[in-house]
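Dear colleague,

Please read the text with the model open beside you.

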Amino acid sequence: MKEYKIALLGGDGIGPEVVAQGVKVLNAAGEKFGIKFEYEKALIGGCAYEKTGTPLPEETVSLAKSSDAVFLGAVGDWKYDTLPPEVRPEKALLGIRKALNLFANLRPAIVYEELVSSSPLKPEIVNGVDIMIIRELTGDVYFGEPRGVGVIDGRNAGYNNMIYYEDEVERIAHVAFKTAMKRTKRLCSVDKANVLDVSRLWREVVIRVSKQYPEVELSHMYVDNAAMQIIRAPKQFDTIVTGNIFGDILSDEASMLPGSLGMLPSASLSDTKLGMYEPIHGSAPDLKGKDVVNPIATILSASMMLKYSFDNDEAALAIENAVKSVLKAGYRTPDIKSEGSTIIGTERMGTLIAQAILS
Ligand code: IPM
Ligand code: MG
């Protein structure tokens with residue numbers, strides 16, 4: 001029997017609730033496919049700050065490093081908005097991404113047939129959408145130096161540095177081309193090369209790397225146009241590769257194709273098998289403890305864990321199929337409700353999906 005150790009970082013707000021449903025579903029998949037999961041919890045985000053004075057305690061990082069995968073909920077709460085930037089919950093998320101060298105963030109935006117009616121867009125636009133957004137995760141304006149708030153030439157200013165090193169672009173480009181090879185071999189690189197120097201280098205490097213993947217059809221798009229095209233005609237996209245901040249924004253936008261942030265999972269990968277898996281949504285503190293949020297993004301993140309960290313495509317697919325079958329049966333959390341559907345809570349959604357795996 002295969003055995004894996006998973007670090008559970010529930011985080012803030014609704015994070016622990018959705019992770020609990022992910023665990024339920026993982027256990028069901030484990031039972032079905034003969035995999036044993038051992039879980040260990042650690043603090044991250046605002047809850048960690050309150051207990052330890054830092055949003056990312058050393059023990060959390062070392063637990064993550066000694067695990068086979070990290071399963072994360074979400075971090076943040078408005079009550080921490082006034083904290084100094086160094087101890088804000090978001091800093092912990094960036095910190096753990098960096099500490100584990102998770103430079104490749106995979107965010108699939110798939111519109112399941114069952115959910116076409118939940119999208120705010122017309123059915124003919126979203127039906128059949130299957131996009132993989134590959135967001136670079138440890139560089140760009142998120143981490144660039146210098147950064148700060150201070151007086152420059154006598155004027156008060158806030159500044160960040162949008163910077164990409166050639167090797168950073170190269171490694172994310174390789175991930176993107178390899179991913180595209182396994183899909184429909186179409187890759188669109190999104191940048192702002194008409195204005196930004198950092199994007200000019202990005203584009204040059206992507207083009208150079210493309211020579212090693214002659215089968216992949218590479219295109220380039222400016223980010224403003226991409227933002228428009230994702231809504232106008234999303235089916236033109238297969239794999240998208242882009243920098244950290246553009247990817248942050250475009251992936252939230254893409255979540256409106258299936259109609260809810262609650263549907264989009266993610267995998268953050270390094271060049272080892274240790275990955276971190278989390279829904280792309282935030283901690284929604286206003287919804288905490290109400291049993292109303294959609295756990296599917298987290299459950300699908302568990303599926304990505306099986307696929308990318310544990311090389312178990314069969315179990316990963318079983319989770320996806322279980323999600324589809326529960327949606328097909330008409331069960332919905334409030335965020336994806338549609339006419340005639342049965343509204344259920346977070347817990348029940350997790351239970352039904354776990355049962356569907358075992359049935
Ligand atoms: C995301 C989030 C994070 C990000 C925040 C919470 C720091 O928006 O994972 O998309 O900006 O990367
Ligand atoms: Mg985001």
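Leaving aside its neighbours within four places in sequence, which residues is Arg97 in contact with? They are Leu102, Arg107, Arg135, Leu137, Thr138, Met276 and Glu278, where contact means heavy atoms within 4.5 Å.

Before going further, please note that this is a predicted model, in which local features need pLDDT of at least 70 and side-chain atom pairs count only at pLDDT 80 or more, while totals for chains, interfaces and linings use all residues. Residues are numbered from 1 along each chain as its sequence is written, chains are lettered from A and ligands numbered from 1 in the order in which they are written, and side-chain values use heavy atoms, with hydrogens and water left out.

The two domains

The protein chain is divided into domain 1 (1-102 + 260-359) and domain 2 (130-256), with bounds that come from an automatic or database domain assignment. Their centres, taken over C-alpha atoms, are separated by 25 Å. Twelve residues of domain 1 are in contact with 13 residues of domain 2, and the two domains bury about 1,100 Å² between them, 60% of it on carbon and sulfur atoms; buried area is the accessible area (1.4 Å probe) that two parts lose on being put together, summed over both. Leu94, Arg97 and Lys98 supply 38% of the area that domain 1 buries against domain 2, more than any other three residues.

Across this interface the rule finds three residue pairs in polar contact, both residues being at pLDDT 80 or more. A polar contact is a pair of N or O atoms within 3.5 Å; within protein, one must be able to donate a hydrogen and the other to accept it, and residues adjacent in sequence count only if both atoms are side-chain atoms. The largest share of the side of domain 1 that touches domain 2, four residues, comes from helix α4 (residues 89-99), and Arg97 is found in that helix. Helices (H or I, at least four residues) and strands (E, at least two) are DSSP runs, numbered from the N terminus. At 5% relative accessibility, Arg97 counts as buried, since buried means under 20% relative accessible area, exposed over 50%, and partly exposed in between (1.4 Å probe, protein chains only).

The salt bridges

Side chains of opposite charge can pair when their charged atoms come close.

In one of them, the side chains of Arg208 and Glu170 meet at 2.7 Å, N to O. Arg208 lies in helix α7 (residues 197-210) and Glu170 in helix α6 (residues 166-182), so the pair ties together parts that are 38 residues apart in sequence. Arg208 is partly exposed, with a relative accessible area of 39%, and Glu170 is also partly exposed, at 28%.

Arg203 forms a salt bridge with Asp191, the closest N and O atoms being 2.8 Å apart. Because Arg203 lies in helix α7 and Asp191 in strand β8 (residues 186-191), this pair ties together parts that are twelve residues apart in sequence. Asp191 counts as buried, at 1% relative accessibility.

Finally, Asp81, Arg88 and Glu90 are linked in a network of salt bridges.

With best wishes

How values were computed. Salt bridge = Lys/Arg side-chain N within 4 Å of Asp/Glu carboxyl O.
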